Amino acid sequence: MAKVPAAAVAAGGLLGSYGIARWTRKRPLGGVALAAAGSVAAYEWNRQAGARAATGLTVAYVAAFAGSHPLAKKVGAWPAVFTVAGGVAAASWAVTRRSAR
């Protein structure tokens, strides 16, 4: 089975959870998707880079979710979600890549 990078899982979780919440008009359903993707990503971060890195990246994931709300008021909802998803993906890639060496 092919492995999906944790960076893609985290970014996909942010994008997908927003899309689910928006299109179903059920915010809790989006929250379930956000938590599920975050859990999978955190597991992979811990496995690949250790507990400290996983904790830091999980905090960044939650902060990105929270930060997308005020950012959306300035740039719009989808641009805000794409921005924070890209930031989390970049951070995840940088941390897990560094620890893989």
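**Exercise 1. The core**

Which residues of the largest nonpolar core touch the most other members?

Solution. Note that this is a predicted model.
- Step 1: The core has 18 residues.
- Step 2: Those that touch the most other members are A10, L14, A41, W45, Y61, A64 and V88.
- Step 3: Now look for the elements behind the core. Helix 1 (6-24), helix 2, helix 3 and helix 4 (77-100) each give two or more residues.
- Step 4: Helix 1 gives the most, with six residues.
- Step 5: In soluble globular proteins, nonpolar side chains tend to be buried together.

**Exercise 2. The span of helix 2**

Work out what span helix 2 should have, and compare it with the model.

Solution. 
- Step 1: Helix 2 covers residues 27-49, which is 23 residues.
- Step 2: The expected span is 1.5 Å times one less than the number of residues.
- Step 3: That rule gives 33 Å for helix 2.
- Step 4: The end C-alpha atoms are 32 Å apart, so the two values agree.
- Step 5: Check the residues inside this helix. G30, L34, A37, G38, A41, E44 and W45 are buried.
- Step 6: Look just past the helix. There G50 takes a positive phi of about 100 degrees.

**Exercise 3. Two helices crossing**

How do the axes of helix 1 and helix 3 cross?

Solution. 
- Step 1: The axes come within 11 Å and cross at roughly 25 degrees.
- Step 2: Angles under 35 degrees count as roughly parallel. Therefore helix 1 is roughly parallel to helix 3.
- Step 3: The crossing is right-handed.
- Step 4: Helix 1 makes the contact with A10, G13 and L14, and helix 3 with Y61, A64 and F65.
- Step 5: Beyond its neighbours within four places in sequence, A64 is in contact with L14, V84 and V88.

**Exercise 4. Buried, partly exposed or exposed?**

Classify F65 and S92, then list their contacts.

Solution. 
- Step 1: F65 is in helix 3 (residues 51-75). S92 lies in helix 4.
- Step 2: Buried means under 20% relative accessible area, and exposed means over 50%.
- Step 3: F65 has 36% relative accessibility, so F65 is partly exposed.
- Step 4: S92 has 0%, so S92 is buried.
- Step 5: Leave aside neighbours within four places in sequence. F65 is then in contact with L14 and L34. S92 touches A6, A7, W45 and L57.
- Step 6: F65 and V95 are 30 residues apart along the chain, and their C-alpha atoms are separated by 19 Å.

Note on methods: Residues are numbered from 1 along each chain as its sequence is written. This is a predicted model: local features need pLDDT of at least 70, side-chain atom pairs count only at pLDDT 80 or more; totals for chains, interfaces and linings use all residues. Side-chain values use heavy atoms; hydrogens and water are left out. Helices (H or I, at least four residues) and strands (E, at least two) are DSSP runs, numbered from the N terminus. Buried means under 20% relative accessible area, exposed over 50%, partly exposed in between (1.4 Å probe, protein chains only). Contact means heavy atoms within 4.5 Å. A nonpolar core is a set of buried Ala, Val, Leu, Ile, Met, Phe, Trp, Tyr and Cys residues joined through side-chain atoms within 4.5 Å. Axes are lines fitted to C-alpha atoms, for helices over the stretch in contact, and angles run from 0 to 180 degrees between N-to-C directions. Angles under 35 degrees count as roughly parallel, over 145 as roughly antiparallel, 65 to 115 as roughly perpendicular and the rest as oblique. A crossing is left-handed if the near helix is turned anticlockwise from the far one by less than a right angle, and right-handed if clockwise.
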